[in-house]
Amino acid sequence: MITTDDVEQLPTDTMLVNMGPSHPAMHGTVKIMLEIDGEVVKNADVQIGYLHRGFEKECERATYTQIFPYVDRLNYVSPMLNNVGYALAVEKLLGITDRIPTRAEYIRVIVGEMARVCDHLTCVSASLMELGGFTAFLWAIKARDSFWELLEELCGARLTHSYVRIGGVSADLTPNFLDKLESRIRLVRSLRDDIRKLVERNRIFLDRMEGIGAISTQDAISYGFTGPCLRACGVAYDVRKDHTYSVYDRFDFDVPVADGGDNLARYLVRMEEAEQSLRILEQAAVQIPSGPVVIDEPTIVLPPKREVYNSIEGMIAHFKLIIDGIRVPAGETYSYTEAGNGELGFYIVSDGTGRPHKCRVRPPCFYITAALRDMVVGENVADMVPTFGSLNMVGGECDR
Amino acid sequence: MTAQGQPPTFVPSSLQAALNWAQKWSLFTYPFVTACCGMEYMSVAGPRYDIARFGAEFPRFSPRQADLLMIVGTITERQAPVLRRVYDQMAEPKWVIAFGVCACTGGFYQNYTVTPGADQVIPVDVYIPGCPPRPEQVLDGLMALQRRIQDHRGHNQRSIGNTAVASVPDRKHLPVVKDGTSMMLSPENRMPRNGRVL
Amino acid sequence: MSQRALDLLRERHADAVLETGSHVGDEIALVRKDSIFAVLRTLRDDASLSFDMLTDLTVVDYLGQKPRFEVVYQLYSLRYKHRLRVKAPIMDESATECWIDSVTPLWKAANWAEREAWDLYGVEFRGHPDLRRIFMYDEFVGYPLRKDYPVNGRQPLIRRPDAPPTDDLTTRLQSGSHDRRVE
Amino acid sequence: MTTTPPKPPTVDPGRLFTPPPLATPVPTPTAPPPLGAIVPPLPHVLVPTPPPAGTHPHAPAGFTGPARETDVSHVTLTIDGESVNVLRGTNVLEAARNIGKDICHFCYHPGLSIAANCRQCLVEVEKAPKLMPSCQVTVADGMVVRTDSPTVLEARRAMLEFTLVNHPIDCPICDKAGECTLQRHYMDHDHRLTRVDVHKVRKPKVKDIGQHIVLDAERCILCTRCVRFCDEVSETHELTMVKRGDHEELDVASGVRLDNAYSLNVVDICPVGALTSKDFRFQIRAWELGTTDTTCPGCATGCAVELQTKHEHAYRMVPRLDANVNGYWMCDEGRFTYKQLNHAERIHGALVYGRPMTMNHAIAECAKQLDGKKTAVVFSATATCEANLALAELANALNASRFVVGNPQGSGDDKLIDRDKNPNTRGAHEAAGPGARHEAELALEIAGGAYQAVVFVDGTGVLSDVTRQALRDLVSICFADRRTPISEACNVVLPATNWAETLGTFRNRQGRLRLIEPAWRPQGERRPQADVIRELLLAMHKPDTISSSSALTRKLAEKAHQAQILAVLDKHVDARPVLLRFAHSRG
């Protein structure tokens, strides 16, 4: 029989728990200090920065072309989208946005949307694995690899492509790329559907996703949410539609929106967006015109190797473009595209030399992760994992 | 001390070889996943490149249950003490693979925040270059480690029993490791204990 | 596109707005730093503008020029789909000068963004709820993204006593000291 | 927007060589006469007579209206619609620079006579029948010039195309690549792929034409800058052009080698990689170098130079324009003074009676040793003014007797090379004051045991073995950045910054303050002597009469009204080497 003074002797103070920085669920290293009362999270301090790699500092000493490998590694789940976003920013500053060949624009759309599908599937499957659904993970990875092999065939790298160039893309599509793409699309779509069938009526899954980690629309906007996380709050904001760039106005696709802003909503939006991206891919594969894949501008594009090795003109042009970099007129711009996590912005300040004075990336998931505290306070500790997973916090992009 | 690559004399070499054989086929990985390479690590664990074929199948997320530490991705100065602690918590014998060029040398991040190679913090057995390395390359590195285990050349395999000295032949300047003790840090290098950085 | 916003700013905050202009299609307003909060509040609350989203906040370091820093706010309005860039110059890095009012009360997004700016550029945001370092660790001395901070000025927390030698500078910088070398 | 890059210098003073009067009267050196501190008039080669006012022989008629009564010395003309007001006698190219328009050119050099043979700077002049070389046309009132009309641009491209027809594909192995004027002009004005498919004319490739210089005749674009340099500046006439047409090539006159005392300047003014320096050849790629504006420590002239370095290693020194001191040039002897920076035996830490010590302990030790001893302080003509001034304070505190040492005299000429091989003789003597004596007497008195302690501010100076032996028995303290006979002889060696690590000043033979700026951070425990001496004084509980080294520099500059030095000091980013790739091309 418990007496009152026994009760008084029970420990009643809250407990501090470290989640991360090395924690199975903290993909992309982040550390969360949880103050818990029993199972309930009283307070949380989200500490990022364990993957701060000095992106901006590195960019300030690299030429505009040398920056592509760095942007690859920002959101390393969908590097192509970063490539495209960065290229568009520099082209805006150069004032050559309208002169990019149409075929190059289509190729950018194709590789970008392939990356988007990979991004969403990876995010969803990773958080499913953390919920114990290992099968879904294996299927998603299979789908992703099927796309990666295509991209590898295109540019030689599975993950960090550095495929896009200022003024176009580095190489034309391989001969039977589009045919392969078509079959891969079918494969990916079927896998995606399987995953949905697998989990969406699963009780455990629903219990841990539905109504968990919800955030109100006002908060989401105030926190600067964009992309799937914002659309999961019922705001149909998609840069591809609202500020259409490249050739996105030529495709028929929908902007999926869910309400509630909880984990399930984010999951549904991502899965549906993958489908929409596949639709875009199908249309693009049909529409894509023939033609050059890079702008005809000798001050921006390297001359053909034959000229480099056999004529002094080509040699000098190659030499100066490599050593001095592409001379971007002094000025500054903020260019924005729709990346896997939302609005990926590049704020570039040029001082007229071949290297940027500042190259700032607007990381979508940085602002999303900032809201994590509000999402988990009051929930159970276990709900931490699916909530964090559904935000798709990518270390390279969040910490840069 | 015994010559490079030979087992300690007082352990019957056949028994030692049997032990090594057993260990190399049941490596329990602790994936210290920090960055881009994690994507490729997923693929390595995924169905196509199935690392399970080599007995390194199951990721253990507790250092106490793992004997292979895979440093997957960039190690920043802020992350380094964490890596160190995870390493210290692993039971011996233990092996370390630096997965990707960032973990090997810092890669093309030579700046104020990135540690120039995980071996600044802990000893490394196998370096897998590449940014990120292809899965085939990772499997190759794993097999290299298995050969190393079989040959009893792991960086601290010698510390089983209080026998002498092993040196890691990969890099000339890697230090002589006396049975586990030089892994201890001098006080000024010890990580802050106030929990802020960890 | 958001030319309207610039006009309205010039009439409402005539004394605060130093310069307005448009560059490669972006509208830009240069605002005195001591009235930044009032200006941004107008931009957010005015019904005809309603910049309800702070897309991004960062700092640019023009070393060797005066003003040395510029705090850059990227604003976006979900309702009108228009954007505006507001920039507030900061004279120099001296403690009396290198600060600006926090806009955390206006947008929650400002919380981490300002922490980042403080962490990497050392611009103090007055009135910020908790202005801590966010990327670097507390032991770190200096502000790495300033132009006079050496690219490879490492400040290691931990090293093996017998770590392999690195070919580049690994220093624990004294606060205020500059590496004179450009890597 | 604050993002606009700094404009290029608008006016080039290199044309007007008459040295303006110094802001403050030059302090006259005090007896005994310092080492070879003769103050010769500025060499005449540096003061070419400006082109005659009014018409130029080659200028077509109709340009030379009578000068307005309002201002005789200036004329007003229009360049690309902008009205420019420049000195009469300026050429159009310089006038265009006034409004920030850099007309591309190869053969024109402000320090040389005008040949106008590269035809790269052609501009369109109203009422002129054809395009005119802007380097040769002097300005006239009401002249209307277009530098960017289609005709001009096409002419530029055509000229570049011709120039490139026979240019070898050498960039990957060319020392000039990256700082090459030809590369720059091609990217700025042509960037058109080749249209000619002929065999390039072969010429001598690696031709040893001098002690320091290798000629690659194929790369030469026949601008004759080097020829004019040897005729007009060094006045040694070694170089000439031989053969004709596209076989024309640069060569040395028969039986002569390019061995004059200023030969390496032709490497600087060569717009391409035809003339390369043996010393710099294949050492490092130019765009990897950082460059720092500083002063040559080779002799009392104090030429303005750029020190070009990477990673605490100096690779070369090139002259920098200073109309009042060295114009555009410097001597070969001075160029190689950078080698002492890469000295093998640098001193990084304090050494007290053979034992390494931390600076704090060493300073405390010195304070203890010096206390109450009869001391001699030795000023150095190679140390900075700051170091010497600080030492003077130490001398007052200890009331020690003062000596001045320096490098022995060498050979000089009437151009830039001074017989006094010390950069700061005047500065040292100013600091030391009237009573200072020199080396010989120092040796005598040390040998005579007149002192118990000696403090050298610098490792330079020549002392006999006997004297150096005698130093062993004294409290001998020496600041040094590298091992020298004196630093070896002294019992206490304190690490000091060398002239590539410190911000300081020399006073050259004209009495001008010459600023030296650090190219890298001091290595090891090296610090400016002034700062160490200050701590020494504090450790000896003497009044803190001197401020930090940089403060001393500022004081000196203010005293001398040296605006540009003050500007450098005010710049927040002091001595931050500019990477050459940002500094565009030289030559």
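This report describes packing, chain contact and selected loop residues in a predicted model.

## Basis

Local features are reported at pLDDT of at least 70 and side-chain atom pairs only at pLDDT 80 or more, whereas totals for chains, interfaces and linings use all residues of this predicted model. Residues are numbered from 1 along each chain as its sequence is written, and chains are lettered from A and ligands numbered from 1 in the order in which they are written.

## Nonpolar core

The largest nonpolar core has 380 residues. Such a core is a set of buried Ala, Val, Leu, Ile, Met, Phe, Trp, Tyr and Cys residues joined through C-beta atoms within 7 Å. A residue is buried if 20 or more other C-beta atoms lie within 10 Å of its own, exposed if 12 or fewer, and partly exposed in between, with C-beta atoms placed from the backbone. The members that touch the most others are Ile71(B), Ile97(B), Ala98(B), Phe99(B), Val378(D), Phe379(D) and Leu391(D). Helix α5 (residues 102-130) of chain A gives the most to this core, 16 residues. Helices (H or I, at least four residues) and strands (E, at least two) are DSSP runs, numbered from the N terminus.

Contact here requires C-beta atoms, placed from the backbone, to lie within 7 Å.

## Helix pair in chain A

The axes of α5(A) and α6(A) are 8 Å apart, and the two helices pack at an angle of about 160°. This makes α5(A) roughly antiparallel to α6(A). Axes are lines fitted to C-alpha atoms, for helices over the stretch in contact, and angles run from 0 to 180 degrees between N-to-C directions. Angles under 35 degrees count as roughly parallel, over 145 as roughly antiparallel, 65 to 115 as roughly perpendicular and the rest as oblique.

The crossing of α5(A) past α6(A) is left-handed; a crossing has this hand if the near helix is turned anticlockwise from the far one by less than a right angle, and is right-handed if clockwise. Among the contributors from α5(A) are Val111(A), Met114(A), Leu121(A) and Leu128(A), and those from α6(A) include Phe134(A), Phe137(A), Ile141(A), Arg144(A) and Phe147(A). By class the contact has 17 nonpolar, 2 polar and 1 charged residues. Ala, Val, Leu, Ile, Met, Phe, Trp, Tyr, Cys and Pro count as nonpolar, Asp, Glu, Lys and Arg as charged, and the others, Gly among them, as polar.

## Contact of chains A and B

Chain A puts 26 residues into the contact and chain B 29. On the side of chain A that touches chain B, α2 (55-60), α6 (134-155) and α18 (395-399) each supply at least two residues. The largest share, 4 residues, comes from α6(A). This side of chain A has 10 nonpolar, 9 polar and 7 charged residues.

## Chain D

Chain D has 15 helices and 24 strands. Of its 587 residues, 49% are buried. Among contacts in chain D with a separation of 6 or more, 68% are between residues 24 or more positions apart.

Helices α8 (residues 385-398) and α9 (residues 425-432) of chain D have axes that come within 8 Å and cross at roughly 15°. The two are therefore roughly parallel to each other, and the crossing is right-handed. Cys385(D), Asn388(D), Leu389(D), Leu391(D) and Ala392(D) of α8(D) meet Gly427(D), Ala428(D), Ala431(D) and Ala432(D) of α9(D). This contact has 7 nonpolar, 2 polar and no charged residues.

## Selected loop residues

In chain B, a cis peptide bond with omega of about -10° joins Cys131(B) and Pro132(B). Pro132(B) lies in the loop between β4 (126-128) and α5 (135-150). Pro116(B), in the loop between α4 (101-105) and β4 of chain B, counts as buried because 26 C-beta neighbours lie inside 10 Å. Its C-alpha is 7.7 Å from that of Cys102(B), 14 residues away in sequence.

Lys81(C) has a positive phi, near 55°, and lies in the loop between β4 (69-77) and β5 (82-90) of chain C. With 12 C-beta neighbours inside 10 Å, Lys81(C) is exposed. Phi of Lys243(D) is likewise positive, near 65°. Lys243(D) sits in the loop between β8 (239-242) and β9 (249-252) of chain D and is exposed, with 11 other C-beta atoms within 10 Å.

Terms used: Two residues are in contact if their C-beta atoms, placed from the backbone, lie within 7 Å.
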